[in-house]
Amino acid sequence: MEKKDIKSLYFPELCEMLLEMGEKPFRAGQVFGWLHQKLVTDFSQMTDLSKELRRKLFDQCFLTVLKPVQVKVSRIDGTCKYLFKLADGNVIESVWMRYHHGSSICISSQVGCRMGCRFCASTLDGLERNLTAAEMLEQVYRIEQLTGERVSHIVIMGSGEPFDNYDQVVRFLRLISHERGLHISLRNITVSTCGIVPGIRRFAGEGLPVTLALSLHAPNDQVRKTLMPVAGSYPLKEVLAACREYFEATGRRVTYEYSLVKGVNDNPGEARALARLLKDMHGHVNLIPVNPVKERAFERSDKRAIKEFKEILEKEGIAVTVRREMGRDIQGACGQLRRSFLEGG
Ligand code: SAH
């Protein structure tokens, strides 16, 4: 019999499994609490269960636990970057940031990525595999335990494309916000996608009030295609229609991410085109000065160009912020730590 991934089970699935084991229904509440509130790393820590039940759980299930193999702490702002080892030896990274309103973590949804965005380090070696819901939860659980602080916000903006791993991402969202678990508000969670249209549309119907972030990066298909292969499959018109649908279904404003790359997508004409494109979209633009990746030739835009780009958007009535940089001294950006680890750096 294949062992069950107990931490990825929904509460009713856990109830059913325990009933099949001949246990009383209230046991499910106890086990779920050990897994998702007390964040245990071993069945032996579930001390109010009988030894016999712990043995049965051990025989029939496995417990996903991530091991931190490297932690880097930024001297500039206290941001921590964690490299975790998975049971199969793969490594993933997660970033913990402290803000005035609480702490936020950026988690990965896949090992590697197959989307191929030209400026992104996570995709250089392609996709290794999807993460399970438990492996996504564990990034939050381990970081809460290691820092001793509650995580208030989560962004799924680490390595991977969340809608290329749709089912496990949705499972993660339901479990992390479960009232018997960490109960993190879905309104404090952001899912970032490169723009997989069927994923966005399906997600709009899940009834999950999370913030959707769309990686836009260009005001037209022509430039977008030079940066993101996915733009060849889904034209901007369809991507934006899906974002509108998301806003209408959830009432949540979409964030449009725009990484500024010198000489590629950062001229004033492009700022004006972007303003026209987003005019009635009820969204918000987040400008990200591109983080140079050593395997790629892209450079970040000059400070002046960034300022001008932002001012044009503002003048056109578009809500815009420039992303604050966190952890720049610890390879805070996008897949860089995992890569340097794999290269032995
Ligand atoms: N696959 C998802 C989420 C992961 S990336 C997505 O594409 O949205 C999170 C964000 O960081 C995306 O907007 C991505 O385009 C951006 N990004 C990736 N590498 C970057 C880099 N080197 N500099 C700036 N932004 C980058």
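Phe163 and Tyr166 are both buried in this predicted model. Their ring centres lie 5.8 Å apart and their planes meet at 40°, so the pair is tilted. Together with Phe203 and Tyr246, Phe163 and Tyr166 make up one aromatic cluster. In the structure as a whole, seven aromatic pairs are found. One of these joins Tyr82 and Phe84, whose ring centres are 5.7 Å apart; their planes stand at 10°, so this pair is stacked. As for burial, Tyr82 and Phe84 are both buried. A pair of aromatic rings is described by two quantities, the distance between the centres and the angle between the planes.

Lys38 is placed over the face of Trp34, 4.0 Å from the ring centre. In a second case, Arg171 lies over the face of Tyr10, and here the distance to the ring centre is 4.1 Å.

E11 has pairing partners in E10 and E12. With E10, the pairing is parallel and runs over four bridges; within it, Thr193 has Leu214 of E11 as its bridge partner. Between these two strands the chain passes through helix H6 (residues 197-204), and this β-α-β crossover from E10 to E11 is right-handed. With strand E12 (residues 255-260), E11 also pairs in the parallel sense, over three bridges. There, Ser215 has Glu257 of E12 as its bridge partner.

The backbone holds further points of interest. Most residues other than glycine have a negative phi. Leu39, although not a glycine, has a positive phi of about 55°. Leu39 is located in the loop between helix H2 (26-36) and helix H3 (51-60), and it is buried, with a relative accessible area of 5%. His183 likewise is a residue other than glycine with a positive phi, in this case near 60°. The loop that holds His183 runs between helix H5 (166-176) and strand E10 (189-193). His183 is partly exposed, with a relative accessible area of 49%, whereas Leu39 is buried.

Conventions: Residues numbered from 1 in each chain as written. Predicted model: local features only at pLDDT ≥ 70, side-chain atom pairs only at ≥ 80, totals over all residues. Heavy atoms only, no water. Buried < 20%, exposed > 50% of the residue type's maximum accessible area, 1.4 Å probe, protein only. Phe/Tyr/Trp six-rings, centres within 6.5 Å; stacked < 30°, edge-to-face > 60°. Lys NZ or Arg CZ within 6 Å of the ring centre and 35° of its normal. Pairing = 2+ DSSP bridges. Right-handed = clockwise from strand over helix to strand, strands pointing away.
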